[in-house]
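Subject: Structure handover

Hello,

Please find the structure below, with the sequence alongside. My notes on what was found follow it.

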Amino acid sequence: MTGRLWLTAILIAGSSLLRADVDEIRKEPDLLKRFERSIELAEAQSKVANTLVKDNGSRTELMRALTEIGAATKLALESLRETGKKPAKLSRQYKKGELKTQAVMRQLKDLVLALGFEDRPAAEKIRDEVTVTHEEFLLGVMTGK
């Protein structure tokens with residue numbers, strides 16, 4: 001049990017560092033690096049959110065993690081679009097975005113089911129936003145071929 005508490009503390013501390021990075025990620029001039037960093041952030045925050053729910057963590061931290069997930073997935077898609085290249089030229093990135101957002105969607109689906117009634121609407125909203133972003137990535141994959 002003590003190991004689990006340490007893991008939670010590390011994840012929460014890491015999430016505060018990651019939160020500060022969202023603004024830094026937006027400042028990244030290399031759009032492909034911005035894509036990579038933002039998709040990794042979304043994935044990391046979804047793990048943090050799930051850990052917070054499992055360990056009955058802070059509701060504030062959970063809402064912050066959920067917000068970061070939505071913002072990071074949107075930023076990943078925006079970064080690819082800002083390159084001005086057609087999805088066919090960025091098929092590897094679009095496929096990676098599609099796979100990563102699909103994994104985040106699965107985690108959010110489980111998270112929504114584990115949440116109490118009062119917290120579900122916020123999580124469902126983020127899940128729906130990530131679903132739309134996932135569909136955009138998938139559309140890029142499909143049109144890229």
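I will start with a single residue and widen the view from there. This is a predicted model, so please read everything below with that in mind.

Glu28 sits in the loop that links α1 (2–27) to α2 (31–54). Its relative accessibility is 16%, so Glu28 counts as buried, the cut-off for that class being under 20%. If residues up to four places away in sequence are set aside, Glu28 touches Lys33, Arg34 and Arg37.

Now the overall picture. The protein has 5 helices and 0 strands, and from the N terminus its elements read α-α-α-α-α. There are 145 residues, and 40% of them count as buried. The accessible surface is about 8300 Å². Carbon and sulfur atoms account for 56% of that surface. On contacts in the protein between residues at least 6 apart in sequence, 75% are between residues at least 24 apart.

Two helix pairs were looked at in some detail.

The α2 and α3 pair: helix α3 covers residues 59–82, and its axis comes within 8 Å of the axis of α2, the two crossing at roughly 160 degrees. Angles over 145 degrees count as roughly antiparallel, and α2 and α3 are therefore roughly antiparallel to each other. The contact of α2 with α3 is made up of 17 nonpolar, 5 polar and 4 charged residues. The crossing of α2 past α3 is left-handed.

The α4 and α5 pair: helix α4 takes in residues 91–114 and helix α5 residues 120–143. They pack at an angle of about 160 degrees, and their axes are 8 Å apart. That angle makes α4 roughly antiparallel to α5. In the contact of α4 with α5 there are 13 nonpolar, 6 polar and 7 charged residues.

Asn50 belongs to helix α2. With a relative accessibility of 16%, Asn50 counts as buried. Which residues is Asn50 in contact with, leaving aside its neighbours within four places in sequence? They are Gln107 and Leu111. Both of those numbers fall within the range of helix α4, residues 91–114.

Asn56 is in the loop between α2 and α3. Asn56 is not a glycine, yet its phi is positive, at about 50 degrees. Is Asn56 buried or exposed? Its relative accessible area is 69%, so Asn56 is exposed, the class that begins over 50%.

Asp128 is placed in helix α5. Its relative accessible area of 41% means that Asp128 is partly exposed. How far apart in space are Asp128 and Met105, C-alpha to C-alpha? The distance is 8.6 Å, while in sequence the two residues are 23 apart.

Regards

Conventions
Residues numbered from 1 in each chain as written. Predicted model: local features only at pLDDT ≥ 70, side-chain atom pairs only at ≥ 80, totals over all residues. Heavy atoms only, no water. Axes fitted to C-alpha atoms, helices over the stretch in contact; angles between N-to-C directions. Helix = DSSP H or I, 4+ residues; strand = E, 2+ residues; numbered from the N terminus. Parallel < 35°, antiparallel > 145°, perpendicular 65-115°, else oblique. Nonpolar A, V, L, I, M, F, W, Y, C, P; charged D, E, K, R; others polar. Buried < 20%, exposed > 50% of the residue type's maximum accessible area, 1.4 Å probe, protein only. Contact = heavy atoms within 4.5 Å. Areas by Shrake-Rupley, 256 points an atom, 1.4 Å probe, with all protein chains shown as cover. Left-handed = near helix turned anticlockwise from the far one by under 90°.
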